[in-house]
Amino acid sequence: MSIKFKHVSYVYAPATPFEQKGLDDVSFELKENQFIALIGHTGSGKSTLMQHFNALLQPSSGEIALAGHRITPTTKQRDLKTLRQQVSLVFQFPEAQLFESTVLADIAFGPKNFGYTDAEAKKLALKWLEKVGLPKSIANKSPFELSGGQMRRVAIAGVMAYEPAILCLDEPAAGLDPKGRHMMLELFKAYQARGHTVILVTHNMDDVADYADDVLVMEHGRLLRHTTPSEVFKDRAWLLKHGLGQPAASEFAAQLAENGLPLLPQPLTLTALTHRLVAHFKGGE
Amino acid sequence: MTKIIIGRYIPGSALIYKFDARGKLLVTFLFVFAIFLANNWPTYLVATLYTGLAIMGTGLRAHVFWDGVKPMVLLILFTSALQLFFSTGGTVYFHWWGLWLTSTGIVNAIFIFLRFTLIILISTVMTVTTQPLAISDAMEWLLTPLKWVGVPVAQLALVMSIALRFVPTLFDETLKIMNAQKARGADFNSGGLIKRSKAIAPLIIPLFISSLEIAVDLATAMEARGYQGTSGRTRYRVLSWQKYDLLNAGAFVVLLILLKVLG
Amino acid sequence: MEQKDIIKLSQVDFTYPEAEQPAVKALNLTLQAGTWTALIGHNGSGKSTVSKLLDGLLFPTNPDSQIMIAGLPLTPETVWEVRKHVGIVFQNPDHQFVGATVADDVAFGLENRGISRAEMQRRIPAVLAQVGMADYADAEPSHLSGGQKQRVAIAGVLALKPQIMILDEATAMLDPEGRKMVIDIVRKMMVQDHLTIISITHDLDEANLADQVLVLDDGQLIATGTPAEVFQKAALLERSGLALPFFYQLKSELMAQGINIPTTITTETELVAYLCQLNLNM
């Protein structure tokens, strides 16, 4: 099983003066149960691509195969409900989607829509409330009494509670403090490790280096590259040309190399960088 | 990604676009009264010509104006039909119970049809060639006399322009929330009336909360930027009369004179 | 240039109505004119409350609290006078954009202060050019990126020629490109107009560029000093939900693994030079 895009294009507002290409002949194949980073500039087509994973947008041409579904321009929306259960999407600032009178009811909303009984949904909701690091005591509070960071977690619990096989997240840690950000990413990494696919849309190259197995790079609606983090961060000139950053550790290593201290292979993370420096200066591995 | 058009404004640079919004709004307003001066074939011909020239002056394709008339078609036809069958006078072609088909009826029906259609066309000319913001400014100018009886015209105008400004923001927000709930399995498009109206809660509640949040943030930002009510404020955006506006006024005066002379 | 105290807070307390805990407790603070101060702290540490207190959007709940801004005591009577000296750029780019177009938005603050139209026509293009938005004067907000909207908000502040500019998490919702551009512009304007900058943020690399860093936790200042001084307190920062900028993380990791780094090294460039020198001496 894999996630397969075959020549997928998407056009916004077709046949109007406002027509705009969102995706342009995108083809790739992703392995399941991996942590995949989707990077690129604002407006590069990342969000458009993301909304194709669960068919909120359907391709204008081309074909998508994932989670046992085939999506073409003519696939009927009503045939996609089971797809939505298997492929879940978390938008930027997802706290905006909260609406129920209690935290628990809000988390249970998704599971109930996907056919769990009230009791099952409630059980799942309680489980995920704790998994995202919130105390059980807030279960019966109104979500609107919580702090911004807590609301974010409730919203994410609400999307993970039906345990989708594929979880797509658009900048889920935006606006969180460093600790909150770290906790959130660890949560997704752990979810992936338990046999799910995680697709993370991000601008943060350190997160790509720290967590991703596979990287998709978008530009102007086209797939620029599909490769591993170490490959994508290897070529500094290429990254600069496409306006992409490097992880801080690679940036630092590049400065060292410029000043006569090359470290190979290139470190992507703080741990790798320290490790290599220590090995270099202390000799031992 | 979403670039929706507020109101019916269609960007362009033809002659009518150069007219001041106040002039256009005023002429549109007065045209509604002027058309009542038309009462015979020559006057209706003049009014139709005037409207035709205005449409040509927009440089836009005809279907834009058809779109303006379309929603009103039934109403216009119904009113015309009333005239057609209930007017008496002239030669009687047909008579059955209270229904008459007379020469006067036919002429009246055509006149009514023209009157309505021309009014809609002229207001379409105004709305497609004038930005909503300029219309709002022009309204403020037209309402100026109300200031003397204590109506807070400047505040109303500010409210209107801010409301216009936030239409695309709220539209995007709606789309985003709708997508987020769809991703959680919400279904907005099937089931009966009750199911559908229930399904709307996950959309309406977050939207209401978002709007409140925007309102609070906006109020704070406005206060931080020194907003203390409209007294003592100066204005950056000022409408100014240009030579083109003489053309607008001239054409309308000629129309009035012809309607009066021929009527 | 002579450094004068432009902001002075003594014993400032603030509790939100219906809140059990105060949001700001016994805050004492002195900031000098023309400097960049970063105010950091985890979500809900009281950072944004401080920015609102500095602009009189909120008032201290303790009658003994004192706030002096640009030589004026901040009270409900002087608030409009004080606001002439303080500009704020808020977090959400869309929620603070009042005007229908870029130029109208910059004009909003000027209109509120009764500036003449002729003067507005001079100032608006000038400030838009300073933030690199001159070509967008007639653009509508829905056609701008978040970073562009924030630059317009900065132009709106600059047009009023304040002495103090507060960035209230102004870069939190931007992509790295937009963030860098905003910071670069503010830095340039700080020097050019001798502005005092207070940046409320949890971007620690951004805080590392400041002259002074203040760490807020539960409404109290728990550390103040230069970035080098504050970021030495790794344990303290971690306890209050923050982390270290990359440079300090690397430095402490290397030290922990036995590579000795002199305390005189306080920037990334210095560390690169030091390590390369070490390499040559091997």
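How many residue pairs are in polar contact across the interface of domain 1 of chain A and domain 2 of chain A? I looked this up first, and the rule finds four, with both residues at pLDDT 80 or more. A polar contact is a pair of N or O atoms within 3.5 Å; within protein, one atom must be able to donate a hydrogen and the other to accept it, and residues adjacent in sequence count only if both atoms are side-chain atoms.

**Ground rules**

I am working with a predicted model, where local features need pLDDT of at least 70, side-chain atom pairs count only at pLDDT 80 or more, and totals for chains, interfaces and linings use all residues. Residues are numbered from 1 along each chain as its sequence is written, chains are lettered from A and ligands numbered from 1 in the order in which they are written, and side-chain values use heavy atoms, with hydrogens and water left out.

**Entry 1: the two domains of chain A**

I noted domain 1 (2-246) and domain 2 (247-285) in chain A; such bounds come from an automatic or database domain assignment. Their C-alpha centres lie 33 Å apart. Eleven residues from domain 1 of chain A and ten residues from domain 2 of chain A make the contact, which means heavy atoms within 4.5 Å.

Next I looked up the buried area, the accessible area (1.4 Å probe) that two parts lose on being put together, summed over both. Between domain 1 of chain A and domain 2 of chain A this is about 800 Å², and carbon and sulfur atoms give 51% of that. I wrote down three names here: A:A209, A:R236 and A:Q246 supply 60% of the area that domain 1 of chain A buries against domain 2 of chain A, more than any other three residues.

A:R236 turned up again when I searched for salt bridges, forming one with A:E258, with the closest N and O atoms 3.0 Å apart. The rule asks for a side-chain nitrogen of Lys or Arg within 4 Å of a carboxyl oxygen of Asp or Glu. Between domain 1 of chain A and domain 2 of chain A the count is two salt bridges.

**Entry 2: the two domains of chain C**

Chain C is also divided, into domain 1 (5-229) and domain 2 (245-282). I found 35 Å between the centres of these two domains, taken over C-alpha atoms. Five residues from domain 1 of chain C and four residues from domain 2 of chain C take part in the contact. About 350 Å² is buried between domain 1 of chain C and domain 2 of chain C, with 59% from carbon and sulfur atoms. Across this interface I counted zero salt bridges and one residue pair in polar contact.

**Entry 3: where chain C meets chain A**

Here 28 residues of chain C are in contact with 25 residues of chain A. The area buried between chain C and chain A is about 2,500 Å², and carbon and sulfur atoms give 70% of it.

Which elements give two or more residues to the side of chain C that touches chain A? I listed α6 (176-193), α10 (246-256) and α11 (268-280) of chain C; helices (H or I, at least four residues) and strands (E, at least two) are DSSP runs, numbered from the N terminus. The largest share of that side, seven residues, comes from α11(C).

**Entry 4: charged pairs**

A reminder to myself: side chains of opposite charge can pair when their charged atoms come close. A search of the whole structure finds 28 salt bridges over all chains. In one of them, A:D106 pairs with B:R184, the closest N and O atoms being 3.0 Å apart. A:D106 lies in helix α3 (residues 103-113) of chain A and B:R184 in the loop between α8 (153-183) and α9 (193-199) of chain B, so the pair joins two chains. Both A:D106 and B:R184 are buried (under 20% relative accessible area; exposed is over 50%, and partly exposed lies in between, with a 1.4 Å probe and protein chains only).

C:E169 and C:K47 are 122 residues apart, so I noted that the pair links distant parts of the chain.
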